[in-house]
Amino acid sequence: MASAIDLDDVAHTEREARARYVRRALVCTSTACLAAGAAVVRERLTAVIGEHDEVGIVPTGCPGLCSRGPLVQVEARGEEPTVYTHVDEAGATAIGRDHLGDGTPASDVATVPADLPFFSRQQRVVLATAGRIDPDRLEDYVAEGGYAALATALTTMTPAEVVDAITRSGLRGRGGAGYPAGRKWGMLAEATGDTKYVVANGDEGDPGAYMDRTIMDSDPHRVIEGLTIAAYATGATKGYLYVRAEYPLAIERLERAIRAAKRARLLGRSVLDSGVSFDLEVRVGAGAFVCGEETALMASIEGRRGLPTLRPPYPTERGLWGQPTMIHNVETLANVPAIIARGPEWFAGLGTETSHGTKVFALAGSLNDTGLIEVPMGITLREIVFDMAGGIPEGRRFKAAQTGGPSGGCIPARFLDTPVDYEHLQDLGSMMGSGGLVVMDDTVSMPEVARFYVAFCRDESCGKCAPCRVGTEKMHAFLDRICEGVGRPRDLAHLESLCRTVRATSLCGLGQSAPNPVFSTLEHFRDEYLDLLVEEDVEPTREEVPGEPA
Amino acid sequence: MTTDRLRLATVWLGGCSGCHMSFLDLDEWLFELAARADVVFSPLADAKGFPEDVDLTLVEGAIANSDNLELAHTLRARSRVVVSFGDCAVTGNVTSLRNRLGEPATMLERVYVEQPDLDGQLPVEVVPTLLPQVRPLHEAITVDVYLPGCPPSADRIRRALVHLLDALEAGTEIPDLEWRGPDDLRFG
Amino acid sequence: MSPREPRPTVPVTIDGQEVMAVEDETILSLARRVGVDIPTLCYLEGLSVYGGCRLCVVEVNGDARLKLACATPVWADMEVRTDTWDLREHRRRIIELLFAEGSHICATCVSNGACELQDLAATNRVDHIHYDLGFAPNLPLEPVDASHPRYVLDRDRCVRCSRCVRVCAEVEGAAVWEIAERGGNSRLVAEMDVPWGEASSCTSCGKCVLVCPTGALSFKGSAIGEMRHDPEVVAFLARAREEEEWLDRSAGSGSASEVRS
């Protein structure tokens with residue numbers, strides 16, 4: 001068996017190597033920038049520079065400003081970094097020739113200031129090294145202090161002390177519900193079984209949301225480290241990273257990272273010679289949104305049809321193959337190394353009284369800048385929308401922000417100053433959710449928005465329970481009629497009554513929360529629904545005879 | 001005839017008239033009914049147009065064609081209480097089986113051209129336009145009381161009528177379905 | 001604990017009635033024992049608990065989060081309500097949804113008069129359906145699978161209760177049935193979606209037909225016009241008896257051990 005990695009040694013060597021470079025170009029190779037053409041940019045830069053002792057080309061994860069990708073950040077000794085945006089092949093040639101070549105900024109390529117509020121207002125914990133390091137190099141992560149938290153936990157803390165640290169940090173689940181992580185860890189630690197499991201849930205699927213994808217494809221080792229610390233603290237010996245099949249880059253990088261970590265003895269038998277063993281593998285999802293629900297996710301890992309089952313028993317009592325199992329969202333786990341490294345008190349000091357730490361949001365919709373941000377809990381929606389994302393384009397007005405995906409709700413303009421944390425969003429009839437944040441301007445019809453999300457839930461319903469399987473379909477039929485202008489007051493009444501039943505009686509979170517977009521748009525924008533209704537008992541025109549498809 | 005008696009109508013839309021047959025099975029109770037209400041419109045009575053100021057209208061059959069739809073709106077405007085009478089009115093029932101054949105033209109072709117042994121041809125004269133789909137009565141107009149059954153038995157009809165006539169005579173609110181037992185509600 | 005020893009009991013209030021429940025029994029089992037009616041559809045004694053129909057939802061200790069009577073064990077001093085206005089509304093809505101999915105036209109159904117869904121509608125006071133009935137022309141029409149020699153499957157009448165799936169896997173041990181696809185497209189399939197008559201794992205035991213709550217699974221010959229007489233079989237039997245076709249002659253004379261045909 002190969003000997004364990006010497007973290008300090010690797011970090012030292014790596015930092016020395018970096019110090020040789022006079023100039024470095026950090027090229028975002030996360031999914032969004034790759035989709036915008038980052039691969040060509042990277043090739044071009046490499047071709048222009050060639051083998052060079054003092055200039056480095058580093059493929060990195062996501063710095064966040066996705067709408068302006070491909071992004072290239074040039075760092076030069078003694079200079080403020082320059083962030084080039086919308087870089088194409090010609091732009092890459094110019095950057096390589098001018099800025100990297102002789103240090104004169106490339107004049108024809110668009111830039112944004114490095115202190116743009118989009119960047120400067122962020123507080124990056126989970127994404128601390130995303131966009132700074134090569135996700136495919138373990139050494140890069142180690143040089144930034146990676147795996148030091150794991151070493152600290154293994155060598156200086158008992159498992160119970162690690163659980164206690166997580167509890168004291170106040171970390172809550174980032175997948176949506178906000179369940180206290182420490183409590184879950186404690187339950188798994190106390191559970192007995194032949195094998196205990198820890199699972200990272202990377203089945204993110206809310207429309208517009210890609211926080212977990214970015215964490216996984218930009219900094220895979222952070223997730224692995226978090227999961228390994230969780231395993232040590234709870235006595236789990238086997239872990240799974242459940243990643244949806246639609247995230248091929250994340251899967252590829254996680255698998256490469258797992259192999260590297262195993263070679264370095266950061267995973268596998270006797271991690272860092274501690275005597276503690278932890279085996280980890282990636283399981284690829286089969287394309288169902290409902291597999292993000294933890295009981296369905298476990299069924300999928302076991303190779304069965306991804307159907308939710310009744311709880312209790314909870315996974316920590318009886319999970320994978322009947323054994324105690326703990327499932328955490330990817331972002332939750334990515335917080336763990338920092339909590340151990342910097343202490344639970346530091347983490348508890350971030351954010352608000354009840355919601356500690358930071359939250360990653362995927363900004364989408366009607367904003368001047370969209371992309372990924374990590375902000376402290378408690379920041380207001382106004383700061384995110386107007387200060388960081390540059391407001392609403394083309395002179396239109398902010399109308400609502402949708403958070404929490406299909407399970408969430410719409411927050412109208414009058415609540416722009418509400419702090420974004422678990423409690424406040426819930427009070428507004430929305431939820432934190434996993435971090436999708438879609439902004440809508442005044443051209444958007446809110447009943448249409450509700451119809452969109454209900455269609456999503458209808459399409460993703462597994463079909464096991466009647467209220468969700470049929471209820472979402474009939475909710476959609478009512479919304480169809482209303483949106484097409486042939487709905488009547490009683491359609492709206494039946495829709496609301498049906499929504500109450502679907503929420504109260506569905507088996508799992510998907511169905512229980514499917515009516516949320518309807519409830520929240522009705523709460524804040526009821527007039528828009530009423531404006532679309534037609535009177536009862538008015539003889540329909542030829543176009544609206546009953547049963548005629550709208 | 002005195003003028004303070006209730007005015008009752010029965011209507012036959014897209015159905016087989018089985019509910020009206022069941023209505024006739026009320027037998028001698030029809031005399032009691034006749035003592036309390038005038039039948040002002042019915043396939044069983046000689047009346048051309050749907051009259052005004054009707055107190056209670058029983059509607060058999062689903063909305064299947066343009067005439068059904070028009071009559072439904074007329075009777076709704078002229079009736080105090082509308083009863084969806086029998087499964088075809090309540091759910092579409094047998095009348096709605098043609099929905100699954102797709103467009104009315106497909107159904108007509110199947111029924112009048114493919115199926116007959118001799119001289120299959122499409123009807124062309126004096127036939128109301130078929131709606132794209134057969135729908136229950138309550139999707140076209142507001143319905144006050146539902147009386148399911150295929151057909152509802154005479155007993156079930158009688159129990160419902162007694163309650164409704166009592167309420168109409170007394171001028172009280174129309175009783176909701178809570179007064180009925182499972183026997184009064186069963187589909188089929 | 002010996003099997004004779006009575007299991008410990010705990011006090012439970014159900015619809016205002018104070019009763020002693022057996023520890024670990026479900027709310028449903030208690031309710032049935034003390035004569036409180038909670039409607040069920042997917043639940044069937046003898047099969048695993050599925051929790052799909054959601055009809056047996058009850059309120060416990062006034063909690064807004066409803067509990068399933070079929071899956072929730074009782075605990076001491078639990079207060080159960082099975083018949084609030086909200087619960088009645090929820091049940092009605094769910095029953096209506098089931099009617100509005102597929103084709104549930106009682107008058108033309110083989111199970112008319114012997115259908116749990118029809119009964120549920122009547123006992124829960126469903127007198128019409130608020131929702132678009134599932135007979136829009138754009139819905140895929142599922143052809144009836146009559147390929148099995150003895151049984152018929154009409155998927156348009158299936159309520160996805162999974163009783164057939166469970167009885168086949170858990171009692172018969174054949175596991176012929178599974179529900180494929182998802183959401184509104186979910187459908188009962190035999191094996192890897194083969195015609196039922198071609199499912200070689202089917203033992204033709206008929207348990208799935210016996211447990212089906214609706215007309216989705218039925219015995220052939222039970223629909224009107226399906227009766228097939230076979231008077232010629234008598235001549236066949238008489239001739240066979242005359243010619244002693246079922247006697248095992250190899251065992252020697254006098255030993256008439258019967259061979260099953």
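Author: Across the interface of chain A and chain C, 18 residue pairs are in polar contact, with both residues at pLDDT 80 or more. A polar contact is a pair of N or O atoms within 3.5 Å; within protein, one atom must be able to donate a hydrogen and the other to accept it, and residues adjacent in sequence count only if both atoms are side-chain atoms. The model is a predicted one, in which local features need pLDDT of at least 70, side-chain atom pairs count only at pLDDT 80 or more, and totals for chains, interfaces and linings use all residues, while side-chain values rest on heavy atoms, with hydrogens and water left out. Residues are numbered from 1 along each chain as its sequence is written, and chains are lettered from A and ligands numbered from 1 in the order in which they are written.

Charged side chains also meet here. Chain A and chain C are linked by three salt bridges, a salt bridge being a side-chain nitrogen of Lys or Arg within 4 Å of a carboxyl oxygen of Asp or Glu. One of them joins Arg481(A) to Asp132(C), whose closest N and O atoms are 3.3 Å apart.

On the side of chain A that touches chain C, the elements giving two or more residues are helix H18 (446-460), helix H19 (466-483) and helix H20 (489-505) of chain A. Helices (H or I, at least four residues) are DSSP runs, numbered from the N terminus. H19(A) provides the largest share of this side, with 10 residues. By kind, the residues of this side of chain A are 13 nonpolar, 10 polar and nine charged. Here Ala, Val, Leu, Ile, Met, Phe, Trp, Tyr, Cys and Pro count as nonpolar, Asp, Glu, Lys and Arg as charged, and the others, Gly among them, as polar.

The extent of the meeting can be stated in two ways. By contact (heavy atoms within 4.5 Å), 32 residues of chain A meet 33 residues of chain C. By buried area, which is the accessible area (1.4 Å probe) that two parts lose on being put together, summed over both, the two chains bury about 2500 Å² between them, 56% of it on carbon and sulfur atoms. Of the area that chain A buries against chain C, Arg305(A), Arg469(A) and Lys474(A) supply 22%, more than any other three residues.
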